[in-house]
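Dear colleague,

Please find below the structure that I am handing over to you.

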Amino acid sequence: MIQKPIVPPPVIFLGCALIMAYLPNPYPLSTNVLFVYLLVLISSFAAFFSLWQFYKSKANINPIHLEKSDVFVANGIYRLSRNPMYLSLAGLLVAWAVYLQSAVSFLGIFLFIYLITQWQIKPEEYWLEKKFGESYLAYKKKVRRWI
């Protein structure tokens, strides 16, 4: 059975970022600062445009109270990914891992993707399927979960 989300995505993001910072670094990487800035910029644009689409659509932004959703957003950046907000957080974690110069810290990104998928995305999809039925299922077939 799908559970209602109880941990907000920013908390999962910050927890994974902290774990990444404190992991041992036996395999240091060289850092390209320009690449880090580019990842942060792209992730920030994805976050901005996904939030903007929610604002324009008057959609529920609260990831814990899924029952308050009365619209699902399928236009703008949501034509490329069903979860651009979470994708932007994953992109920031990639930038963080590169900044940390740690190959091992990439484990935090995989942890984030796993946790956000299990604890947030699957409950959201379940709720949206129940609420919007065939229109959401058609959207799911057309647009990938991540990218």
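I begin with a charged pair: Lys4 and Glu67 form a salt bridge, in which the closest N and O atoms are 3.8 Å apart. Lys4 is located in the segment before helix H1 (9-22) and Glu67 in the loop between H2 and helix H3 (84-100), so this contact ties together parts that are 63 residues apart in sequence. Lys4 is partly exposed, its relative accessible area being 45%. Glu67 is also partly exposed, at 38% relative accessibility. Please bear in mind throughout that the model is predicted.

Further salt bridges

The count of salt bridges in the model comes to four.

Arg82 belongs to the loop between H2 and H3, while Glu125 belongs to helix H4 (residues 106-132), so the pair ties together parts that are 43 residues apart in sequence. Arg82 has a relative accessibility of 12% and therefore counts as buried, the limit being under 20%. Glu125 is likewise buried, with a relative accessible area of 6%.

Glu125 also forms a salt bridge with Arg145, and here the closest N and O atoms are 2.7 Å apart. Since Glu125 lies in helix H4 and Arg145 in the segment after helix H5 (134-142), the pair ties together parts that are 20 residues apart in sequence. Arg145 counts as partly exposed, at 25% relative accessibility.

What is the setting of Glu124? Glu124 lies in helix H4 and counts as buried, with a relative accessibility of 14%. From C-alpha to C-alpha, Glu124 and Val98 are 30 Å apart in space, although 26 residues separate them in sequence.

Overall fold

The secondary structure of the protein consists of five helices and zero strands. Read from the N terminus, the order of elements is α-α-α-α-α. The radius of gyration is 16 Å, close to the 15 Å that the globule rule gives for 147 residues, so the protein is as compact as a globular protein of that length. Along the principal axes, the C-alpha atoms fill a box of roughly 50 × 30 × 25 Å. Among the 147 residues, 39% count as buried.

One pair of positions gives a sense of distance within the model. Val33 and Tyr136 are 40 Å apart, C-alpha to C-alpha, with a sequence separation of 103 residues. Val33 is part of helix H2 and counts as partly exposed, at 46% relative accessibility.

Annotated transmembrane regions

An unreviewed UniProt entry places the feature "transmembrane region" at residues 6-23, 35-55 and 89-116. Residues 89-116 are 82% helix and 0% strand, with the end C-alpha atoms 10 Å apart.

Nonpolar patch and aromatic cluster

Which residues form a nonpolar patch on the surface? The patch is made up of Phe35, Leu38, Leu41, Ile42, Phe45, Phe48, Phe49, Trp52 and Tyr55, which together have about 960 Å² of accessible area. The UniProt record places one of its transmembrane regions at residues 35-55.

The structure holds 11 aromatic pairs. Phe48 is found in helix H2, which covers residues 33-57. With a relative accessible area of 46%, Phe48 is partly exposed.

With kind regards

Technical notes
Residues numbered from 1 in each chain as written. Predicted model: local features only at pLDDT ≥ 70, side-chain atom pairs only at ≥ 80, totals over all residues. Heavy atoms only, no water. UniProt positions renumbered as here; feature names shortened; annotations may be inferred. Helix = DSSP H or I, 4+ residues; strand = E, 2+ residues; numbered from the N terminus. Patch = residues over 30% accessible without salt bridge, like charges linked within 9 Å, V, L, I, M, F, W, Y side chains within 5 Å. Areas by Shrake-Rupley, 256 points an atom, 1.4 Å probe, with all protein chains shown as cover. Salt bridge = Lys/Arg side-chain N within 4 Å of Asp/Glu carboxyl O. Buried < 20%, exposed > 50% of the residue type's maximum accessible area, 1.4 Å probe, protein only. Phe/Tyr/Trp six-rings, centres within 6.5 Å; stacked < 30°, edge-to-face > 60°. Rg over C-alpha atoms; globule rule 2.2 N^0.38 Å.
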